[in-house]
Amino acid sequence: MRVNAMSPPTARRPLGARRRSLVIGALGALGLITAMATAVPADAAASTLGAAAAQSGRYFGTAIAAGRLGDSAYTTIAGREFDMVTAENEMKIDATEPNRGQFTFTSGDRVYNWAVQNGKRVRGHTLAWHSQQPGWMQSLSGSSLRQAMIDHINGVMGHYKGKIYAWDVVNEAYADGNSGGRRDSNLQRTGNDWIEVAFRTARAADPAAKLCYNDYNIDNWSWAKTQGVYNMVRDFKARGVPIDCVGLQSHFNSNSPYPGNYRTTLQSFAALGVDVQITELDIQGGSATTYANVVNDCLAVPRCAGISVWGVRDSDSWLGAGAAPLLFDGNGNKKAAYTAVLNALNGGGTTPPPGGGGAGQIRNTASGRCVDVPNSSTTDGTAVQLWDCNGQSNQQWTQTTAGELKYGGKCLDAGGTGNGAKIQIYSCWGGDNQKWRVNSDGTIVGVQSGLCLDAVGGGTGNGTGLQLYSCWGGGNQKWTYNASAA
């Protein structure tokens, strides 16, 4: 989180037309997108977010504000559902060192103590940041500011030594836009090595804590800002600068939507030898489909350690309740997005085992008929259809580790991203329009579009075409995929 809860949202999202927009899948009447091809038995499913995430060795957390700990509805939900806590503002620079050399941890300790008393771990947020600096720090520059940063890291980490799971050591140091470079800040002006110094200081201050770099708008792999952070982390790992994790804030909205290459971003950072953590997730409008997509992407990356949403209820969000960005409404009721997330966590990862699964039929629940390639065609652009299941090769589909559904040497392909886009076979080329999530609720969702595989018009007869359509939970969007193990 970059600003106090009372600050206007426009202050923290400097967005521009220079970014490429990607389409967020529409939220249907139900839109409950979940995780694996094979449903988890009901007696194995966890009933809370934290417990469900723990099944795969991950956490599911939230931001907690000390001022809301007197609200029993708030603490009941938070205590029940989440197993990781981040202090929303109480461990930031202005809160912990209001005067130089004078540390105060009253509010930070209140959040920390509540978390520990309720059996939760704590992420520390944040140690070095250009924003929410107290006035005394804003007035410094050069070597004086550099020393103040070092002293602050030592003071805060010393107080919480051995108690914090992971620290956001440096927050939001990279610029928006197309430069891929650092943000111009008072900390940056102390010298380009300031981030490295912060991490080395943090490692010495608490060797047990995981050390993270945290930023927003580094979700889309194609964006220059993402590449800038990636290059820094790669350099740090090559030179032995201590860094253990990268935090993707993942505040998704119409200007910065969930990207189809999000999983690629997570995988790419993880491949550098660091954990990835989704640290401040919220989605304006609260799309259940998008929430499930994010969870599924994390589950598919072994080094994605966990997810934290930025607030408990919509009414607690820094965006304001009207943005409806969280998993519980203002009255504390579970939203469709909550169910989608819980189902996804209970379903496990979405990536098949290495080598892919065996071939199997994709059978439509409403019709009982199978996804079929007419006349066993191999011609690019051939539209697939429903047809009586016969076990022949033109009804056999294999899911690859990349999420493709392959028939022979061809891939199941979406011919667009909107409602009504044709489903066809096409030469495999690795695009997100050829990648699918086969979910435990029976839906099959296009990675690029976030829309469901749908029998046109609710049709059930032989020859019924297939399309993409907003997920709504109908039988014409439910499938069984009975692939044998590879």
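When I speak of a polar contact this morning, I mean a pair of N or O atoms within 3.5 Å, where, within protein, one must be able to donate a hydrogen and the other to accept it. With that in mind, please keep in view that what we are looking at is a predicted model.

Let me start with Glu 280, which the UniProt record, an unreviewed entry, annotates as "active site". This residue is found in strand S8, which runs over residues 275-283, and its side chain is joined to that of His 251 by a polar contact of 2.9 Å. Is Glu 280 buried or exposed? Glu 280 has a relative accessible area of 1%, and because buried means under 20% relative accessible area, we count Glu 280 as buried.

I would now like to turn to another part of the chain, around strand S15, residues 410-414, which is mostly covered, with 5 of its 5 residues buried. On one side of the discussion we have strand S14, residues 405-407, which pairs with S15 in the antiparallel sense over 2 bridges; there, Tyr 407 has Lys 410 of S15 as its bridge partner. S14 and S15 form a hairpin with 2 residues between them, and in the turn Gly 408 has a positive phi of about 60°.

S15 also pairs with strand S16, residues 423-427, again in the antiparallel sense, here over 5 bridges, and within that pairing the bridge partner of Asp 413 is Gln 424 in S16.

Technical notes:
Residues are numbered from 1 along each chain as its sequence is written. This is a predicted model: local features need pLDDT of at least 70, side-chain atom pairs count only at pLDDT 80 or more; totals for chains, interfaces and linings use all residues. Side-chain values use heavy atoms; hydrogens and water are left out. Buried means under 20% relative accessible area, exposed over 50%, partly exposed in between (1.4 Å probe, protein chains only). Helices (H or I, at least four residues) and strands (E, at least two) are DSSP runs, numbered from the N terminus. Two strands pair if DSSP finds at least two bridges between them. UniProt positions are given in the numbering used here, feature names are shortened, and annotations may be inferred rather than shown by experiment.
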